[in-house]
Amino acid sequence: MITRQRLAAGVCALLAALTAGIAFPTGAVADETAAQAAPKVELVLDVSGSMRARDIDGGSRMSAAKQAFNEVLDATPEEVQLGIRTLGANYRGNDRKTGCKDTAQLYPVGTLDRTEAKTAVATLTPTGWTPIGPALLKAADDLDGGDGTRRIVLISDGEDTCQPLDPCEVAREIAAKGVGLTIDTLGLVPDAKTRDQLSCIADATGGTYTSVQHKEELTDRVGQLVDRAADPVATPVAVEGADACAKAPALKSGLYTDREEFAQHRWYRVDVEPGKELRASVSVAADRTVNPDYGVLLRAVTVHGREIVRGEAAGNGRTDVISTGLRYPKAESDDEAAPAETVCLQVSNSFSAASGVKTTPGMPLELTVDVVDGPDQASDVASFGLGRGWWLLGALVVIGFLAGVLWGWISRLRIAVWRTN
């Protein structure tokens with residue numbers, strides 16, 4: 001199954017580098033080495049009645065989850081602030097309205113007291129409904145605030161029973177807020193509907209989906225996700241592109257996140273000083289079902305509308321992320337007081353929604369911008385969008401001409417010999 005992880009700064013930078021045919025220098029992203037706030041993780045556990053099923057290594061799904069939680073709590077890194085939320089753990093009745101409100105924080109997000117957290121987990125008994133959507137909304141509130149990594153790990157054995165609050169739409173709304181929160185999902189012995197729903201939730205926020213059949217798999221995967229939250233990453237800065245360059249936000253070197261509607265244009269501005277080089281890459285994720293055959297275009301344009309250089313990529317539905325990049329070196333100036341040039345970056349896409357798929361909020365977009373020292377001879381790097389390809393094109397023309405002359409001479413010689421004989 002195709003899954004998509006939130007694109008970190010290093011990945012985006014590499015994509016731009018591959019597109020342009022160069023490698024990024026260390027420290028290209030401005031905030032890559034900045035001090036990171038404490039990472040926060042909330043484990044969201046389904047405690048609905050179906051968790052009584054005894055189909056995981058001869059034991060119940062609930063016992064497998066408890067064992068996994070205990071082992072993960074023992075191994076949680078000291079710097080991670082961890083909390084636990086349940087859904088379907090308290091209401092035993094048949095009233096749907098009440099059952100769909102049944103989500104509670106079992107252990108608050110904060111410095112971990114392992115003994116206290118394990119004691120809380122031990123009290124859980126499979127009980128009621130499966131309100132995944134409401135639980136995700138509450139979990140997002142639990143993790144609100146701060147600039148560090150924030151991750152929800154959702155463990156469920158069934159699809160949401162509280163429609164029409166679609167948990168996939170809830171995940172998209174959470175992602176659209178630009179809060180940098182990732183939702184990873186794990187399905188315990190899932191059927192097709194559960195797998196599709198949990199995959200959709202993960203895809204909407206750049207998370208991952210994992211199908212679990214055994215205790216050891218559950219423990220290992222939850223532990224990996226908690227550990228991943230402690231890894232240092234560059235947190236994208238939420239920005240809102242404009243519909244014209246004149247109204248576009250001014251960006252500096254860094255990693256940015258935005259949302260783009262289907263077939264929409266988004267504009268951003270970057271100042272490039274003489275002797276500097278602009279390197280930019282963009283990734284747009286199809287976080288819902290889209291029609292095949294689509295593309296993404298990234299253009300660097302002057303404030304007067306003249307295109308400088310472009311990068312473009314096309315897809316056919318086999319992947320859920322499409323990326324492209326570009327480079328633009330600004331030549332040195334003899335005038336030391338020469339002003340910086342404002343370059344307009346335009347991001348466009350040709351995605352179209354499949355039948356019945358909502359088009360709002362827009363699709364996740366991540367933009368990497370780097371303004372670095374330019375090459376010694378800027379004209380050798382970018383010329384009419386071909387870069388050093390001009391040298392190759394010229395060489396091919398000369399070689400083709402010489403080969404044609406040589407072949408013509410050989411042909412005439414062969415004909416002359418044939419006539420003589």
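This is a short chat about a predicted model of one protein chain.

Visitor: Hi! How many helices and strands does the chain have?
Guide: Welcome! There are nine helices and 16 strands in the chain. The model is a predicted one, so to speak of its atoms is to speak of a prediction.

Visitor: How much of the chain is buried?
Guide: Of the 421 residues, 48% are buried.

Visitor: Let's talk about charges. How many salt bridges are there?
Guide: The count comes to 19 salt bridges. In general, side chains with opposite charges can pair when their charged atoms come close.

Visitor: Can you walk me through one? What does Asp184 pair with?
Guide: Asp184 has a salt bridge with Arg151, and their closest N and O atoms are 2.3 Å apart. Asp184 is in strand E5 (residues 181–188) and Arg151 is in strand E4 (residues 150–156), so the pair ties together parts 33 residues apart in sequence.

Visitor: Are those two buried or exposed?
Guide: Asp184 and Arg151 are both buried.

Visitor: Which residues join into one network of salt bridges?
Guide: Arg299, Glu307, Arg310 and Glu312 do, through salt bridges that share partners. Another pair to look up is Arg279 with Glu277, whose side chains meet in a salt bridge at 2.7 Å, N to O. Both Arg279 and Glu277 are buried.

Visitor: Switching to the surface now. Which residues form the negative patch?
Guide: Asp57, Glu71, Glu216, Glu217 and Asp220 form it. Helix H8 (residues 215–230) gives the most to this patch, with three residues.

Visitor: And where does Glu71 lie?
Guide: Glu71 is part of helix H2 (residues 61–75). At 39% relative accessibility, Glu71 counts as partly exposed.

Visitor: What about Arg61, is that residue buried or exposed?
Guide: Arg61, also found in helix H2, is buried because its relative accessible area is 10%, and buried means under 20%. Leaving out neighbours within four places in sequence, the contacts of Arg61 include Ser50, Asp55, Asp157 and Leu188.

Visitor: Which residues form the nonpolar patch on the surface?
Guide: Leu406, Trp407, Trp409, Ile410, Leu413 and Val417 do, and together they have about 640 Å² of accessible area. One of them, Trp409, lies in helix H9 (residues 389–420). Trp409 counts as exposed because its relative accessibility is 56%, and exposed means over 50%.

Visitor: Last one! Where is Ser199, and how far is it from Asp184?
Guide: Ser199 has its place in helix H7 (residues 192–205). Ser199 and Asp184 are 15 residues apart in sequence, and their C-alpha atoms are 8.8 Å apart in space. With 8% relative accessibility, Ser199 counts as buried.

Conventions:
Residues numbered from 1 in each chain as written. Predicted model: local features only at pLDDT ≥ 70, side-chain atom pairs only at ≥ 80, totals over all residues. Heavy atoms only, no water. Patch = residues over 30% accessible without salt bridge, like charges linked within 9 Å, V, L, I, M, F, W, Y side chains within 5 Å. Areas by Shrake-Rupley, 256 points an atom, 1.4 Å probe, with all protein chains shown as cover. Salt bridge = Lys/Arg side-chain N within 4 Å of Asp/Glu carboxyl O. Lys, Arg positive; Asp, Glu negative; His and termini not counted. Charge placed at Lys NZ, Arg CZ, Asp CG, Glu CD. Helix = DSSP H or I, 4+ residues; strand = E, 2+ residues; numbered from the N terminus. Buried < 20%, exposed > 50% of the residue type's maximum accessible area, 1.4 Å probe, protein only. Contact = heavy atoms within 4.5 Å.
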